[in-house]
Amino acid sequence: MNPIDLIVTVCAVLSPATCEEQHLVFNWSGSLQQCAMAAPPYIAQWVGEHPKWTAVRWRCEYPHTNDRAGTDGKPPAG
């Protein structure tokens, strides 16, 4: 099993324009598409534990896919 980053966009129930991304990491042995299709129970659990938020969309990514090396091969600063 490999770690997968389930990225859930959640919005405040009382202020639907207030949204943020939550990253939930879990072990998964399938594809990213299968992860997205299997995600609703995990999302429901998170929303149940955070009732002031509602999930509006989600996606799965392999961890650190947004880390890009600079043009000189060094990791980005920051």
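Strand 1 and strand 2 form a hairpin, with six residues lying between them. The model is a predicted one, and what follows describes that prediction. Strand 1, which covers residues 2-12, pairs with strand 2 in the antiparallel sense, and the pairing runs over ten bridges. Within this pairing, I4 has F26 of strand 2 as its bridge partner.

Although H64 and I4 are 60 residues apart along the chain, their C-alpha atoms are separated by 9.9 Å. H64 counts as exposed, because its relative accessibility is 63% and the cut-off for exposed is over 50%.

**Aromatic rings**

A search of the whole structure finds two aromatic pairs. In one of them, the rings of F26 and W28 have centres 6.3 Å apart and planes at 75°, so this pair is edge-to-face. F26 and W28 are both buried. The other pair, formed by F26 and Y42, is stacked, with 4.6 Å from centre to centre and 20° between the planes. Because F26 lies in strand 2 and Y42 lies in helix 2 (residues 40-49), this pair ties together parts that are 16 residues apart in sequence. F26, at 13% relative accessibility, counts as buried, whereas Y42 is partly exposed, with a relative accessible area of 37%. Taken together, F26, W28 and Y42 form one aromatic cluster.

**Charged side chains**

Side chains of opposite charge can pair when their charged atoms come close. How many salt bridges does a search of the whole structure find? The search finds two, and they are set out in the table.

| Salt bridge | Closest N and O atoms |
|---|---|
| R59 with E21 | 3.1 Å |
| R59 with E61 | 3.0 Å |

R59 forms a salt bridge with E21, and this pair links distant parts of the chain, since R59 belongs to strand 3 (residues 53-61) and E21 to strand 2 (residues 19-28), 38 residues apart. R59 counts as partly exposed at 32% relative accessibility, and E21 is likewise partly exposed, with a relative accessible area of 39%. E61, by contrast, counts as buried, because its relative accessibility is 16% and buried means under 20%. Through salt bridges that share partners, E21, R59 and E61 are joined into one network.

Conventions: Residues numbered from 1 in each chain as written. Predicted model: local features only at pLDDT ≥ 70, side-chain atom pairs only at ≥ 80, totals over all residues. Heavy atoms only, no water. Salt bridge = Lys/Arg side-chain N within 4 Å of Asp/Glu carboxyl O. Helix = DSSP H or I, 4+ residues; strand = E, 2+ residues; numbered from the N terminus. Buried < 20%, exposed > 50% of the residue type's maximum accessible area, 1.4 Å probe, protein only. Pairing = 2+ DSSP bridges. Phe/Tyr/Trp six-rings, centres within 6.5 Å; stacked < 30°, edge-to-face > 60°.
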